[in-house]
Amino acid sequence: MIATVIGSTGLTGSFLVRDLLADSAITNVISISRRSLNISNSKLTEVLVSDLAELPTIESKIRGELYLCCLGTTIKAAGSQENFERVDHAAIVDFAKIAKAHDARSLTLVSAMGVNANSMFFYNRVKGRTEDDVKALGLRSLIIFRPALLVGPRAELRLGERLATMTVVPLSRLLPTRIQKSLISKAEILATRMLAAAKAAPPGIDVIVAKDI
């Protein structure tokens, strides 16, 4: 199987690419990103884009069977709400449309807790619109993961997330496992679950919340 991944330089995406390259059932991994992964592997094909708005123009280069989306940013990193929407809505929907055009076996998407297209919070509202628009495409198999606070070794500094991690992680250790999972999600485990779900390709729409990751 050929796996096409976007968001592969991020926290979850980097673990996911590692797992895909190690999986004997995956014959080729197509990574879409704005910078190289700097990985030497015969199974890996990198498609570099300077702007995610280019996605529709590279459709023929990213044909796969399993599509996996770890794309996501923050308003601070994006620089504005408009730029945030370009990544967390427009680019993700474009990627999903390509998966649909190629009759993908499955599309697996990382979303977030609390998503709601009618939310009073901008972040949750955009994420909710994204989920709704992807669901409306009618993909053969759509698996949406809604993790809690993602933890793991980030290459970039996200001060807000680091402060939250410093508070939430020690607290979670005092709580039962199921409650822990509602507070934090380990990126490495999320990546493993994403790959398993993508390969299983359950028909229709499957939403997996943090406590079940």
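## Aromatic contacts

Phe 84 is buried, at a relative accessible area of 0%. Tyr 123 is partly exposed, at 33%. (Buried means under 20% relative accessible area, exposed over 50%, partly exposed in between, with a 1.4 Å probe and protein chains only.) This is a predicted model: local features need pLDDT of at least 70, side-chain atom pairs pLDDT 80 or more, while totals for chains, interfaces and linings use all residues. Numbering runs from 1 along each chain as its sequence is written, and side-chain values use heavy atoms, without hydrogens or water.

The structure holds three aromatic pairs. (Rings of Phe, Tyr and Trp, the last by its six-membered ring, pair if their centres lie within 6.5 Å; planes under 30 degrees apart are stacked, over 60 edge-to-face, the rest tilted.) Phe 84 and Tyr 123 form a tilted pair, 5.6 Å centre to centre, with 40 degrees between the planes. Phe 84 sits in helix α3 (residues 81-101) and Tyr 123 in helix α4 (residues 122-135), so the pair ties together parts 39 residues apart in sequence. (Helices, H or I of at least four residues, and strands, E of at least two, are DSSP runs numbered from the N terminus.) Phe 84, Phe 122 and Tyr 123 form one aromatic cluster.

## Helix α1

Nine of the 12 residues of α1 are buried. Among them are Phe 15, Leu 16 and Leu 20.

## Nonpolar cores

The largest nonpolar core has 29 residues; Leu 16, Leu 20, Leu 68, Phe 145 and Met 194 touch the most other members. (A core is a set of buried Ala, Val, Leu, Ile, Met, Phe, Trp, Tyr and Cys residues joined through side-chain atoms within 4.5 Å.) α7 gives the most to this core, with seven residues.
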